[in-house]
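Here are my notes for you on this model, in numbered points. Please keep the viewer open as you read.

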Amino acid sequence: MVLKNLKMTLKRSMSGVEVTRLYPEKIMELPEAERGVHVLEIRKCIGCGACARICPNDCIELVPYARGNPLKNKKQQYPQIDYGRCMFCGLCVDDCPANCLTMSKVFEIAGWERDDIVYGPEDIAVGQYTDQELAELAEEAKKAAEEKKRKAAEAAKAKKAKAAKAKAAEEGEKGSGEKAAKKKAE
């Protein structure tokens with residue numbers, strides 16, 4: 001039995017068929033469906049937290065990050081992923097309504113400390129805004145907030161005027177009803 005196994009090993013080693021891979025020097029071609037480190041398109045993210053809610057290992061949490069779009073993501077919170085707990089299932093990618101979270105083919109994750117494999121938005125984000133674009137977006141967000149406040153004030157004023165008009169009409173009807181009752185009584 002031992003000789004049979006030895007014979008098989010020698011036969012395979014002499015045939016020239018490569019059995020092992022020279023990993024660091026020669027990386028094999030990865031399939032299209034490879035699930036590696038996440039990639040966040042920061043310009044698309046709306047900060048809904050769907051990725052964090054669906055994660056079965058609870059390894060995604062939303063953290064503040066100031067280099068995103070304040071018009072789309074009002075809270076300025078983006079996903080942070082703990083790759084020590086991630087099982088690369090891809091549910092977060094499937095559940096993302098804005099399709100801003102994807103998985104790359106990068107699979108080499110290493111670190112000396114546990115915190116080294118916790119990737120924040122600054123580590124996984126692509127398409128980040130420049131400082132000038134951020135200033136313009138902040139100005140637009142400020143204008144949009146002022147416009148929203150103005151419209152809310154106008155709506156409240158109109159509602160108040162409508163309520164006052166309805167109250168005046170109600171008092172007018174009440175008053176005319178009392179006068180008619182007095183005339184009947186006389």
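**Notes on the predicted model**

1. Let me begin with a cysteine. At 26% relative accessibility, Cys 89 counts as partly exposed; that class lies between buried (under 20% relative accessible area) and exposed (over 50%), with a 1.4 Å probe and protein chains only. Cys 89 sits in the loop between β3 and α3. Helices here are DSSP runs of H or I with at least four residues, strands are runs of E with at least two, and both are numbered from the N terminus. Setting aside neighbours within four places in sequence, Cys 89 contacts Arg 35 and Pro 56, where contact means heavy atoms within 4.5 Å. From Cys 89 to Ile 109 there are 20 residues in sequence and 16 Å in space, C-alpha to C-alpha.

2. A word on conventions. This is a predicted model, in which local features need pLDDT of at least 70 and side-chain atom pairs count only at pLDDT 80 or more, while totals for chains, interfaces and linings use all residues. Residues are numbered from 1 along each chain as its sequence is written, and side-chain values use heavy atoms, with hydrogens and water left out.

3. Now the overall picture. The protein has five helices and six strands, arranged along the sequence as α-β-α-β-β-α-β-β-α-β-α. Its radius of gyration is 33 Å, well over the 16 Å that the globule rule gives for 186 residues, so the protein is more spread out than a compact globule. That radius is taken over C-alpha atoms, and the rule is 2.2 Å times the number of residues to the power 0.38. Along the principal axes, the C-alpha atoms fill a box of roughly 130 × 45 × 30 Å. Of the 186 residues, 24% count as buried. Among contacts between residues at least 6 apart in sequence, 75% join residues at least 24 apart.

4. Which strands make up the open sheet? Three do, in the order β2-β3-β5, with antiparallel pairing; two strands pair if DSSP finds at least two bridges between them. The edge strands are β2 and β5, each pairing on one side only. Five bridges join β2 to β3, and Leu 62 has Pro 79 as its bridge partner in β3. Two bridges join β3 to β5: Ile 81 stands opposite Tyr 119, and Asp 82 stands opposite Val 118.

5. The largest nonpolar core has 21 residues, of which Leu 40, Ile 42, Ile 60, Tyr 78, Tyr 83, Leu 101 and Ile 124 touch the most other members. At least two residues of this core come from each of α2 (50-54) and β3 (77-82). A nonpolar core is a set of buried Ala, Val, Leu, Ile, Met, Phe, Trp, Tyr and Cys residues joined through side-chain atoms within 4.5 Å. Leaving aside neighbours within four places in sequence, Tyr 78 has contacts that include Leu 40, Ile 42, Cys 45 and Pro 121.

6. How many disulfides are there? The count is zero, with a disulfide defined as a pair of cysteine sulfur atoms within 2.5 Å. Cys 45 is in no disulfide, and its nearest cysteine sulfur, that of Cys 100, is 4.1 Å away. Cys 45 is buried, at 6% relative accessibility. The sulfur of Cys 48 is 6.0 Å from the closest cysteine sulfur, in Cys 96, which is too far for a bond. Cys 48 is partly exposed, at 34%.

7. Two backbone angles are worth a look. Most residues other than glycine have a negative phi. Gln 76, although not a glycine, has a positive phi of about 55 degrees; Gln 76 lies in the loop between β2 (60-64) and β3 and is buried, with a relative accessible area of 16%. Asn 99 also has a positive phi, near 55 degrees. Asn 99 is in the loop between α3 (91-95) and β4 and counts as exposed, at 51%.

8. Last, Ser 104, in the loop between β4 (101-103) and β5 (118-119). Is Ser 104 buried or exposed? Ser 104 is buried, with a relative accessible area of 17%. A polar atom of the Ser 104 side chain lies 3.3 Å from the backbone nitrogen of Val 106. Not counting residues up to four places away in sequence, Ser 104 touches Glu 34, Arg 35, Gly 36, Val 37 and Val 39.

Terms used
Polar contact = N/O pair within 3.5 Å; in protein donor to acceptor, adjacent residues only side chain to side chain.
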